[in-house]
Amino acid sequence: MPLETTTDSELQLQRLAAEEKSRKKWLLVQPVSNTSMMVDSGTVSMPLNLLMVATLAGELFDITFIDERLGDRVPQDLSAYDVVAITSRTLNATKAYAIADRAKAQGKIVLLGGVHPTMLHDEATAHATSVVYGEIESVWTELATDIILGNMKPVYRASTLKPMTSMRRPNFGYAMQTKNAKRYSSRIPILATKGCPVGCNFCTTPTIYGKNYRYREIDFVLDEMRYHQERLGKEKVNFSFMDDNISFRPKYFTELLEGMAKLNVRWNANISMNFLHKPEIAELAGRSGCDLMSIGFESLNPETLKSVHKGSNRLDNYETVVSNLHNNGVAIQGYFMFGFDNDSEESFQLTYDFILQNRIEFPVFSLVTPFPGTPYYDEMKPRLRHFDWDKYDTYHYMFEPKGITTETFLRNFVKLQQEVYKPRAIMKRMQGKPLNWVWLANIMMNRFTSKLKPEIYL
């Protein structure tokens with residue numbers, strides 16, 4: 001492990017914290033979304049980023065952790081807290097702002113962070129004492145010092161991002177204190193890398209985590225896995241990598257998987273297709289315990305892939321990638337986006353045929369959503385139907401594609417989902433596959449899609 005030197009500013013923070021007569025009290029909030037779709041329903045993932053904030057802040061401050069998605073509620077009276085820190089995505093920004101406004105009115109130090117406040121920090125500053133731009137680790141010393149001194153800045157933005165070698169192992173105890181913790185997924189979130197140099201024009205990652213690709217030492221990641229095995233008293237622990245592009249550096253990725261193959265864990269991840277066409281990579285993934293990979297196929301139209309700068313997706317590799325993974329017992333959660341200007345009625349049929357022919361286990365369909373702060377948002381802003389952040393959930397209709405009318409588009413979008421999740425189609429896709437949670441997900445999607453109507457997307 002590389003030795004880290006303590007900076008003068010870090011020493012000052014330690015002195016200030018030691019001089020405090022009592023530790024300041026923080027309330028950390030994961031808001032629930034207001035969307036009508038299945039975003040925060042059922043089992044939810046532990047909010048890894050907020051847990052990392054709790055772990056970091058918990059060294060100096062007293063922490064109370066609330067996750068509204070579980071049914072926990074933020075108290076109306078916030079007199080017990082000095083700092084209220086809220087994370088936000090676009091789809092729950094309205095809810096986050098309401099909590100922030102209430103806390104601010106009660107004289108609290110209010111911190112807003114996460115994707116939406118970073119992408120629209122000018123908007124977010126109206127609701128907060130301070131906005132944390134991007135990741136909190138890279139501004140922590142300055143932020144914590146100012147909180148102790150009571151001298152806050154409107155925005156905390158790092159000039160350089162810290163290497164991941166200094167990343168602490170998150171303390172899951174903060175999330176497990178609530179009586180509703182049983183609603184958390186049994187899959188443990190874990191992080192190996194940050195950043196993505198690809199630069200898809202609809203993606204927020206380069207702004208949040210930078211275009212530089214940072215990664216933790218492999219031994220750190222494996223040690224964290226062993227820690228959870230010991231904590232839970234079993235080898236077969238299920239992990240979900242929260243990385244945006246874990247496979248970007250092939251050498252790092254393959255060395256990590258070789259290490260995981262010795263641990264007997266199970267895992268899943270979001271992954272790009274840039275080298276999954278190589279059979280040896282899929283073989284290693286299967287051998288290391290991967291049971292599912294989430295892949296953004298996005299579209300079967302090469303012009304669409306080109307227009308969004310999705311260079312890692314090559315249509316001539318799609319079937320090879322699927323076959324390689326299936327041959328090694330790895331299931332696929334396939335993401336498909338609709339609403340691009342190149343879409344037509346044929347787009348829906350091509351997608352249906354691809355899913356059925358290639359037996360994609362868990363297809364996920366979304367509508368093109370230009371998220372604020374991205375180049376795609378700036379490009380599409382004149383055509384957007386509304387700016388209601390509650391509907392920025394990838395399940396609401398943002399604009400009319402040039403090649404197809406709204407009525408025709410939504411009718412086909414609903415029909416595709418219903419056809420893919422009909423019992424006959426599920427059996428064709430899943431026949432012979434292990435009886436696990438993916439089967440259950442398909443049954444739930446059959447019930448959900450059968451009730452869909454075009455107007456719910458408006």
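These numbered points walk through features of a predicted model.

1. **The main core.** The largest nonpolar core holds 106 residues. Within this core, Trp-26, Trp-140, Phe-241 and Trp-267 touch the most other members. Take Trp-140: leaving aside residues up to four places away in sequence, Trp-140 touches Leu-13, Trp-26, Leu-56, Ala-57, Leu-60 and Phe-61. A second core is separate and has 33 residues, including Ile-66, Tyr-81, Ala-93 and Val-368. In soluble globular proteins, nonpolar side chains tend to be buried together.

2. **Helix H18: length.** Helix H18 covers residues 437-449. Its 13 residues should span 18 Å at 1.5 Å a residue, and the end C-alpha atoms are 18 Å apart, so the two values agree.

3. Which residues of H18 are buried? They are Val-438, Trp-439, Ala-441, Asn-442, Met-445 and Thr-449. Seen down the axis of H18, these buried residues fall within an arc of 155°, so they line one face of the helix. On the other side, Leu-440 and Arg-447 are exposed. The cover over the buried residues of H18 includes strand S12 (290-298), S14, helix H16 (406-420) and helix H17 (423-430).

4. **Helix H18: its start.** Look at Asn-436 here. A side-chain oxygen of Asn-436 comes to within 3.0 Å of the backbone nitrogen of Val-438.

5. **Buried salt bridges.** The structure has 20 salt bridges. Asp-67 pairs with Arg-69, with the closest N and O atoms 2.8 Å apart. Asp-67 is buried at 0% relative accessible area, and Arg-69 counts as buried at 12%. Arg-216 pairs with Glu-224, with the closest N and O atoms 2.9 Å apart. Arg-216 is buried at 2%. Glu-224 is buried at 2%.

6. **A salt bridge within a helix.** Asp-223 and Arg-226 form a salt bridge, with the closest N and O atoms 2.7 Å apart. Both lie in helix H9 (residues 218-232), three residues apart, about one turn of the helix. An α-helix has 3.6 residues a turn, so residues three or four places apart point the same way.

7. **A salt-bridge network.** Salt bridges also link Glu-135, Glu-137, Lys-194 and Arg-214 in a network.

8. **Positive phi.** Most residues other than glycine have a negative phi. Asn-264 has a positive phi near 65°. Asn-264 sits in the loop between helix H10 (250-260) and strand S11 (266-271). Arg-359 has a positive phi of about 55°. Arg-359 is in the loop between helix H14 (345-358) and strand S14 (362-367).

Note on methods:
Residues are numbered from 1 along each chain as its sequence is written. This is a predicted model: local features need pLDDT of at least 70, side-chain atom pairs count only at pLDDT 80 or more; totals for chains, interfaces and linings use all residues. Side-chain values use heavy atoms; hydrogens and water are left out. A nonpolar core is a set of buried Ala, Val, Leu, Ile, Met, Phe, Trp, Tyr and Cys residues joined through side-chain atoms within 4.5 Å. Buried means under 20% relative accessible area, exposed over 50%, partly exposed in between (1.4 Å probe, protein chains only). Contact means heavy atoms within 4.5 Å. Helices (H or I, at least four residues) and strands (E, at least two) are DSSP runs, numbered from the N terminus. The expected span of a helix is 1.5 Å times one less than its number of residues. The arc is that of the directions from the helix axis to the C-beta atoms. A polar contact is a pair of N or O atoms within 3.5 Å; within protein, one must be able to donate a hydrogen and the other to accept it, and residues adjacent in sequence count only if both atoms are side-chain atoms. A salt bridge is a side-chain nitrogen of Lys or Arg within 4 Å of a carboxyl oxygen of Asp or Glu.
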